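Hi,

Here's the structure I said I'd pass along.

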Amino acid sequence: MSEAAKTLDGWYCLHDFRSIDWAAWKMLSSSEREGALAEFRKFLYKLEETQEMKAGSHSFYSIIGQKADFMLMILRPTMAELNVIETEFNKLKIAEFTIPAYSYVSVVELSNYLSSDEDPYQNPQIRARLYPELPKTEYVCFYPMDKRRQGEDNWYMLPMKDRGNLMRSHGMIGRQYAGLVKQIITGSVGFDDYEWGVTLYADDVLQFKKLIYEMRFDEVSARYGEFGSFFVGHLLTDEKFTQMMHIQ
């Protein structure tokens with residue numbers, strides 16, 4: 001039996017994707033729509049307060065394409081807190097006019113392939129990665145992924161040393177995009193349908209294509225990677241969300 005990689009685990013994570021029922025939203029009066037938006041702003045303000053206290057983080061993006069209309073990504077110290085926030089959103093008036101499109105449940109993760117600290121949780125750089133403040137870049141890209149487990153291309157049958165060498169080579173590609181792309185890796189074994197969720201942040205959306213394409217040629221992705229659906233979004237400020245929900 002191959003040795004399992006131990007993980008460092010940080011904040012729990014929920015990616016919540018929603019589509020808007022535009023036909024039903026248009027049926028509301030302008031005052032009803034404004035009331036629903038005002039209530040939702042209070043909900044977002046509570047999320048901001050938590051982030052300012054460094055007790056969690058969140059990001060809010062419109063989704064480009066037909067898979068969803070917007071995504072809320074929430075980080076919290078416990079899974080129970082994510083459950084409370086999800087329920088709180090579902091009780092909002094605006095939730096009556098949204099349709100769940102997709103969700104992903106995971107936990108911020110670092111593997112021991114890349115860490116040799118005796119007590120890594122005391123390392124400020126590692127803590128910043130495990131308990132991050134999510135960026136407010138112009139664009140976001142999210143996708144889930146697995147490591148292949150088929151025949152000779154079975155990641156989990158490789159010795160720990162081989163996996164470590166492959167992951168170091170893989171990580172070198174990502175480092176070339178430092179300052180251009182911010183990456184949050186979340187583990188989801190036992191939590192969701194895939195094994196990891198990858199969330200990328202950048203001000204230049206083209207960097208997602210460049211990074212992911214280049215990584216396709218690395219053995220970790222080319223031989224062992226299995227990928228789910230990709231979601232790309234644009235940052236939603238209060239002003240932009242108001243414009244998005246405005247009805248003439």
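**Cysteines, rings and a pocket**

The sulfur of Cys13 has its closest cysteine sulfur in Cys141, 14 Å away, which is too far for a bond. A disulfide needs the two sulfurs within 2.5 Å, and searching the whole structure turns up 0 of them. Cys141 is in no disulfide either, with the sulfur of Cys13 as its nearest. Both cysteines are tucked away from the surface: Cys13 is buried at 0% relative accessible area, and Cys141 counts as buried at 2%. Do keep in mind that this is a predicted model.

On to the aromatics. The count comes to 24 aromatic pairs. One aromatic cluster is made up of Phe40, Phe43, Phe60, Phe70, Phe89 and Phe241. There are also charges sitting over rings: the charged end of Lys147 is over the ring of Trp155, 5.0 Å from its centre, and Arg216 lies over the face of Phe227, 4.3 Å from the ring centre.

Last, the second largest pocket, with a volume of about 180 Å³. Which elements give two or more residues to its lining? Those are helix H2 (30–52) and strand E2 (57–63), and H2 provides the largest share, 4 residues. The lining residues include Arg41, Glu48, His58, Lys136 and Asp238. Phe60, from the aromatic cluster above, lines this pocket too. By class, the lining splits into 5 nonpolar, 3 polar and 4 charged residues.

Cheers

Conventions
Residues are numbered from 1 along each chain as its sequence is written. This is a predicted model: local features need pLDDT of at least 70, side-chain atom pairs count only at pLDDT 80 or more; totals for chains, interfaces and linings use all residues. Side-chain values use heavy atoms; hydrogens and water are left out. Buried means under 20% relative accessible area, exposed over 50%, partly exposed in between (1.4 Å probe, protein chains only). Rings of Phe, Tyr and Trp (its six-membered ring) pair if their centres lie within 6.5 Å; planes under 30 degrees apart count as stacked, over 60 as edge-to-face and the rest as tilted. A charge sits over a ring if NZ of Lys or CZ of Arg is within 6 Å of the ring centre and within 35 degrees of the ring normal. On a 1 Å grid over the protein atoms alone, a cavity is a set of points where a 1.4 Å probe fits but cannot get out, and a pocket is an open set with protein on both sides within 12 Å along at least five of seven lines; lining residues have an atom within 4 Å of a point. Grid points are joined across faces, edges and corners, and a volume is the space filled by probe spheres set on the points. Ala, Val, Leu, Ile, Met, Phe, Trp, Tyr, Cys and Pro count as nonpolar, Asp, Glu, Lys and Arg as charged, and the others, Gly among them, as polar.
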